[in-house]
Amino acid sequence: MSSANSAHSVVEPSFTSKRIAGAIVILYALITLVPLVWIFLTSIKSPPDSISYPPKIVFTPSLEGYCNLLTTRTRQTPEYIASLPEPTGTCDEVTRKRNMVIAGPSNFLPRFINSLVIAFGSTFLAVLLGTMAAYGFSRFRVPLADDLLFFILSTRMMPPIAVAIPIYLMYRELGLSDTALGMILLYTAVNVSLAVWLLKGFIDEIPREYEEAAMIDGYTRLQAFRKVVLPQATTGIAATAIFCLIFAWNEYAFAALLTSGSAQTAPPFIPTIIGEGGQDWPAVAAGTTIFLIPILVFTILLRKQLLRGITFGAVRK
């Protein structure tokens with residue numbers, strides 16, 4: 001009896017162990033935040049401060065990077081600038097100090113909107129198709145199910161560059177090059193395999209008896225799926241959506257190869273920002289900072305579901 005009790009007893013970690021574990025987690029978090037903080041600091045530096053050596057920790061903040069990111073500028077003579085009326089905004093004032101005037105908006109906002117449309121559109125389709133496919137694999141007897149699941153997963157095993165040229169040739173023939181629809185379909189095809197594998201594990205954890213009881217009460221299979229399974233799979237769907245969105249949001253190789261104009265996304269556009277003296281690092285850092293905001297907000301909004309989704313099924317009674 002005593003041996004059974006000892007086998008089921010749980011050993012609580014000591015206070016020292018908790019302190020050490022907490023310190024390691026905090027240290028790891030700080031290390032991972034260093035690049036993000038450095039990018040933000042670079043975005044509020046002036047171009048000379050951004051390339052100074054040794055790097056400046058203390059500097060006068062400037063919005064020149066954000067102004068250069070969002071506008072196009074032309075150089076003018078001091079006499080012409082002196083003849084202009086008073087500056088109408090911060091960017092106008094910052095630009096005139098460099099003997100330049102704002103000629104119009106830059107291409108960053110259209111590229112940023114393309115990223116929003118393509119990333120969120122492909123994520124929605126991947127999660128929708130992945131949920132239905134995962135439900136089919138989980139609840140029905142599918143011939144060669146294991147082989148099909150392995151085939152679906154194998155599409156993620158090869159690097160993008162291995163299929164980039166065939167996809168480019170196919171898209172050129174179909175007229176999908178440099179189109180938002182083409183990028184949405186491509187990212188959906190890449191993400192749906194991950195969605196199927198993740199969501200099948202979540203749906204497997206939902207007891208079949210819930211659906212059977214609902215169908216005994218008169219629900220159809222589709223109604224039972226919509227009203228019983230989906231509410232309980234919300235955490236898994238949220239976790240899957242975050243992983244799919246991160247891939248589509250950050251993807252560079254396909255975006256650089258298949259887009260160059262109207263459908264170009266932000267990742268291949270940001271590195272091409274050039275200033276008068278070469279790479280405009282404050283503008284690049286400003287674009288990166290703005291680019292991080294949507295994915296950060298989306299993850300924070302779904303953080304509870306993400307945590308539950310990652311740990312779902314890990315502890316069983």
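Modeller: This is a predicted model. The largest cavity in it has a volume of about 40 Å³.

Biologist: How many cavities of 30 Å³ or more does a search of the whole structure find?

Modeller: Rolling a probe the size of a water molecule over the atoms shows where empty space is left. With a threshold of 30 Å³ or more, the search of the whole structure gives a count of 1 cavity.

Biologist: Which element gives the most to the lining of the largest cavity?

Modeller: The lining includes Ser115, Ile118, Ala119, Ala248 and Trp249. By class, the lining has 7 nonpolar, 2 polar and 1 charged residues. At least two lining residues come from each of α7 (108-139) and α13 (234-250). With 3 residues, the element that gives the most is α7.

Biologist: Which element gives the most to the largest nonpolar core?

Modeller: Of the 36 residues in the largest nonpolar core, Met183, Leu186, Tyr187, Phe254 and Leu258 touch the most other members. Elements that give two or more residues to this core include α7, α10 (180-204), α14 (253-258) and α16 (281-301). The top contribution is 6 residues, and it comes from α16.

Biologist: From which domains does this core draw at least three residues each?

Modeller: In soluble globular proteins, nonpolar side chains tend to be buried together. Here the core draws at least three residues from each of two domains, namely domain 1 (36-106) and domain 2 (108-272).

Biologist: Which residues does Phe254 touch, not counting residues up to four places away in sequence?

Modeller: Phe254 is among the core residues that touch the most other members. With residues up to four places away in sequence not counted, Phe254 touches Pro160, Val163, Ala164, Ile167, Met183, Leu186, Tyr187 and Thr259.

Definitions and conventions. Residues numbered from 1 in each chain as written. Predicted model: local features only at pLDDT ≥ 70, side-chain atom pairs only at ≥ 80, totals over all residues. Heavy atoms only, no water. 1 Å grid on protein atoms, 1.4 Å probe; cavity = no way out; pocket = protein on both sides within 12 Å on 5 of 7 lines; lining within 4 Å. Points joined across faces, edges and corners; volume = space filled by probe spheres on them. Helix = DSSP H or I, 4+ residues; strand = E, 2+ residues; numbered from the N terminus. Nonpolar A, V, L, I, M, F, W, Y, C, P; charged D, E, K, R; others polar. Core = buried A, V, L, I, M, F, W, Y, C linked by side-chain atoms within 4.5 Å. Buried < 20%, exposed > 50% of the residue type's maximum accessible area, 1.4 Å probe, protein only. Domains from an automatic or database assignment. Contact = heavy atoms within 4.5 Å.
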